[in-house]
Amino acid sequence: MKVPYSWLREIVPGLPADPTEVARRLSDSGTYVEAIHQVGVADASNGGGAAFKVGVVRELEQHPDADKLKVAKVDIGDGELHQIVCGAPNVAAGETVAVVLPGGTMPDGMRIKEAKLRGVESRGMMMSERELQLSTDHSGLMLLDKDLEIGTPLNDVFPIGDHVLELEITGNRPDCLGMLGVALEAGAAMDVDLIDMSPFDVDPTATGDVSDHVTVEVEATDLCPRYMARAFVDVTVGQSPLWLKAWLARAGMRSINNIVDITNYVMLLTGQPLHAFDADKLRGSKIVVRRAREDEPVTTLDDVERTLGPDTLVIADAEQTAVIAGIMGAADVEVTATTTRIVLEAATFDGHSIQRSSRELGLRSESSSRFEKGLDPYSPSVAMGFASRMLVEICGASLVPGTIDVQSPDGLDQAPTFEMDAELPSRILGIDIDDADIQQTLARLGFGAIRGARGWAITVPHARMYDVTRPIDVVEELGRFRLEQIPSELPPIRTGGAVLTRLQRLRRLLEDTSAGLGLNEVVTYGLVGPGTGEALGNPEETVVRLANPMTVDHAEMRTALFPGHLEVARRNHAAGTSDVAIFEIGRTYYAADPVGSTGADGLPRYSAERDVLALLVTGSLGGARWDLPGLTADYPAVAGLVASLLAATGIDARFGALPNPPAWVHPGQVADVRAANGAVLGWVGAIHPRFAAQAGVDADVFAAHLDLHAIDAARTLQPRFTAYSEFPPVMEDIAIVLDDAVAGGEVVTVAREAGGALLESVSVFDRYVGDPIPAGRHSLALRLTFRAPDRTLTDEETAAVRGTIVDALAQRFGAELRG
Amino acid sequence: MADIDIDALAREARADLEAATTVADLDAAKIRHLGKNGPIVLLLRDIKDLPPEQRGPVGKGGNVARKELEALAASRHEALASAELDRRLIEDAIDVSLPPRAMPQGTLHLLTQTRRLLEDIFLGMGYDVIDAPEVENEWYGFTALNTPVGHPARNPTDTFYIAGHDQGAGANDDALILRTQTSTAQLRAMQLTKPPLYVVHPGRVYRRDDIDATHSDMFHQMEALAIDEGLTLANLKGTIESFLHRLFGDDLQVRLRTHFFPFTEPSVEADVQCFSCGGTGDPSADDRASGDFDRCRVCRGEGWIEIMGAGMVDPNVLGAVDGYDADTVSGFAFGIGIDRVAMLRHGFPDLRMLFQNDLRFVRQFAGRP
């Protein structure tokens, strides 16, 4: 909303000339001033406007050396004739014009000086509308009313300079899309009065009745609670007065003709859009407010042919659509230069309907942006009064007796009245406000407030009837003009302190450990391309898909993080970074089964969301020296990262072959990750080279995926102390021959179980294939470490345990002891 | 047996030991003279074979000589070993200015660092950190947040709906959405905990915005909610001030401006005085170096930074959850953009950088939120 400050000051005369403080207070109280623009002549009401005068061309001669220039002698009432060289085609002796004398500064910053134009002296300039930033018209001089007194300061004819406040109006305040609403705000913010504008209408002077000119039929009463119409005759269509043009231009609207300009002016003033029809063009002299017919065509004022449907409300005549209600008119019923008889509409339309139609048609106008916020049904009569009087005074029109006023059969919505507890303002705002101050603030805003024994009887003005409906809304009205007075006080928090949950602490631990292990954290989108979930083997019904994606690559919710991480690798490779070691703790999403089923906290869930730790590595993992290479990412390295991460959380990770590896992993380099108790925590492995290549990554890529909730569940916090032995360990190495199908990890597990209490640890230190081991078998070397808590073990004791282990391995895997 | 000249043997041995210039030579000489086949050692070993009258003098002389020689060998060893160590250290000198071995070291993403900063401020003030789902229904997303049917956000043009659950989108409490704000967590927190309630919730939100330098279809917010007996707008003001002082600096002014949100009444926006220019709007040395001579680039010359929306919890929101009564408790809530805080504090030009994860971006903020 653009507010010409001179207009605002006309309604609120007590405002200071400088808008800075007004803007600050408006911003604080909810009418945010985004910018203050200087337009037209700077400092026009003081020194800046002194050089701008009303003048009359007394004499006019052809310039001796230039065909297109004329030499004028201009009278500005100071007793001498000023010679001004002029190139405008419409300059003529006897015309009243706008003159700027040497020393004046134009709106564009140009300073007027005495000059010679093609050898002829020129002292000043006569101006076009564009040069004064009134309009874009530069076809000729701006010709002024001949009744104006010569020498009048131009600023007294219309405001030649102004400030325009650019306001951000929040969705709850359609009333502030009109000057009157803003004026109430400014008056309350500055604690000054408004001029009285209430009884603004005109008496009919024409004969007959409005029904002689138009009849109105509202079919869609649900979408049009009120429709008012008046008729005017003897209308003279022409240019608007300069003050009107100036304010319209500064409010961001183009001057069309005096009729349209008046409807726009009244809309800017009241916030209530109006529409003027040429009564002679209304077929059947009839207005029908109805839903559009299926595929009904209309050519709107912007010269676009559009097709409407029954969702759209239209104003039609007896035959076809004349206006898309509240949005834009059709070309064929508009007011033109030859119009003499008009029908003026002031109506209320359903905001949601206007909003929907406007969006569907891709058509927004000053009118629709107001209607869509939901205007009150009392504004039409106010706006009708203003417009009627202006049409009579400016266009010479005569008002036809009678006003058509079709109202919803349910009656018009009533402005709310209610009681507000006297304690409520201080209970919510934390300050005490005197009764007199409460009354003053509310009165300035147009509210009625009567103090009773226990509280206030509140009456809400029509313009605010949908925004202020409850006592708490009145509290806001009081609070918003007092924000600076409200003290800063911390609440006395009585919850006994806060601490992160165990899952939140686990997350931080894993984040820190991952970073410490050389992994860089990334944050990737939760939305992925269509079909990603199914390509990863998820049944279609488990994937959460968007009904209305915006972009093709953000169509469904991710079920895994590594596809996004491959994209990170691709992007970094493209940027010349070949070593990519990354991790992310992020969310995965599956359809809830069923929707609304209860989560662990007892509240409903609309999808199954799980946080996972994913990591992805390719290239070097670090450890490089300037002369030596570092550790290259491979399966043992990524599994080692997982083991280290889990070790940091107190989990002893186990890796086992994945029974049915999915298509997107290297079938021979993938493992499931388990805790010591067998709980599955996730997987780790090499990404299938084909899958990586499809993602644009031409390198060996390794990844892991661990479920945060599973990790948390596998941990026992606050473990009890376990005593360790003071006696030395005894180490023994054994080598066993096994079938190649036997997994080394299982051998270790079985050995560990068979070894019992005296076996401290088992580790693999060699795996050998070849002569003399037969084909299909291999030798695995294990180091067994024995230790007792209370003594040094004897050879006999360790031999016995070793024998048990060897027997168990023989029985379970057919292992043979070597040598 | 010939005359036994212990002195001669000792002299010869001493000369050998003293002639050795390396530890290895010394060790060889020591073995030669003092090893089990050394002449004096052999003499002493076979002393019983000597005539009785010689045993005393030879034994005594031999032992004295051997002790002296061993002492000599020991001191020579120490001198030679020390010299050799000194030599080796000189040889081992390296160019310590060459790059060190690149031991693995990663970093936390800027968003995680920023999130923790915010969480920790509120933990210190006594607010628990809670989690909440991102897929919600319209009741949690809109209705219970006092956002009526017809509100612009409550529409498939602005909000992502879930396929198969979008019937009646915009006017159906059961339609499913990706939440557009972390305020959904307010309701879940209220459902789980009766007053007093002091919580924050950092999380992801989604909006159907065109992606550009300052907009994304996904971003991060942190919601704060306090509900208790007797909470006022003054408490909200104090909390915002305290929070922003910890985040941006103690001396900065904070101002509240009236705004509109459906789920708070009264509603405000909070501005903090620009931490870069201190509220003057003037360009910093960095701004000037980057070619901005007119105005501070952080606040665009305005002196203030719009930082968050806030307000007193609307009675309708309290009324949406059993056990909350607007007549006995009141509360405040606010939401702040984590991505925006990160952008403001670190001055990177494009929101998308956060999600592109160029490692040159990720690594440059290591350990310094």
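**Talking through the labels**

Modeller: Let's begin with A:His705, which lies in strand β36 (residues 702-707) of chain A. Keep in mind that this is a predicted model.

Colleague: Why is A:His705 called buried?

Modeller: Its relative accessible area is 16%, and buried means under 20%. So A:His705 counts as buried.

Colleague: What is A:His705 in contact with, leaving aside its neighbours within four places in sequence?

Modeller: Among them are A:Thr559, A:Ala560, A:Val612 and A:Leu613. A:Leu681, A:Gly682 and A:Trp683 belong to that list too.

Colleague: And A:Ala292, what makes that one buried or exposed?

Modeller: The relative accessibility of A:Ala292 is 4%. Buried means under 20%, so A:Ala292 counts as buried. You'll find A:Ala292 in the loop between β14 (286-291) and β15 (296-299) of chain A. Leaving aside neighbours within four places in sequence, A:Ala292 is in contact with A:Leu308, A:Gly309, A:Pro310, A:Thr312 and A:Val314.

Colleague: Why is A:Ala624 called partly exposed?

Modeller: A:Ala624 has 27% relative accessibility. Buried means under 20% and exposed means over 50%, with partly exposed in between, so A:Ala624 counts as partly exposed. A:Ala624 lies in the loop between β32 and α16 (635-648) of chain A.

Colleague: Which residues does A:Ala624 touch, not counting those up to four places away in sequence?

Modeller: In chain A, they are A:Pro629 and A:Gly630. In chain B, they are B:Pro100, B:Arg101 and B:Ala102.

Colleague: Let's move to a helix. How do you know that the span of helix α4 of chain B agrees with its number of residues?

Modeller: Helix α4 (residues 52-91) of chain B has 40 residues, and at 1.5 Å a residue it should span 58 Å. Its end C-alpha atoms are 57 Å apart, so the two agree.

Colleague: What do the buried residues of α4(B) pack against?

Modeller: They pack against α1 (6-19), α2 (23-34) and α3 (39-45) of chain B. The buried residues include B:Val58, B:Gly59, B:Leu69 and B:Leu80.

Colleague: Now the rings. How many aromatic pairs are there over all chains?

Modeller: The count comes to 24. One of them is formed by A:Trp7 and A:Trp247, with 5.1 Å centre to centre and 5° between the planes.

Colleague: What makes A:Trp7 and A:Trp247 a stacked pair?

Modeller: Rings pair if their centres lie within 6.5 Å, and planes under 30 degrees apart count as stacked. At 5.1 Å and 5°, A:Trp7 and A:Trp247 form a stacked pair. A:Trp7 lies in helix α1 (residues 5-11) of chain A and A:Trp247 in helix α5 (residues 242-250) of chain A, so the pair ties together parts that are 240 residues apart in sequence. Both A:Trp7 and A:Trp247 are buried.

Colleague: Which residues form an aromatic cluster in chain B?

Modeller: B:Phe122, B:Tyr127, B:Tyr198, B:Phe243 and B:Phe334 form one.

Colleague: How do you know where the charged end of B:Arg255 sits?

Modeller: It sits over the ring of B:Trp304, 4.6 Å from its centre. The distance cut-off is within 6 Å. In chain A, the charged end of A:Arg783 sits over the ring of A:Phe765, 5.2 Å from its centre.

Definitions and conventions
Residues numbered from 1 in each chain as written. Chains lettered and ligands numbered in written order. Predicted model: local features only at pLDDT ≥ 70, side-chain atom pairs only at ≥ 80, totals over all residues. Heavy atoms only, no water. Helix = DSSP H or I, 4+ residues; strand = E, 2+ residues; numbered from the N terminus. Expected span 1.5 Å × (residues − 1). Buried < 20%, exposed > 50% of the residue type's maximum accessible area, 1.4 Å probe, protein only. Contact = heavy atoms within 4.5 Å. Phe/Tyr/Trp six-rings, centres within 6.5 Å; stacked < 30°, edge-to-face > 60°. Lys NZ or Arg CZ within 6 Å of the ring centre and 35° of its normal.
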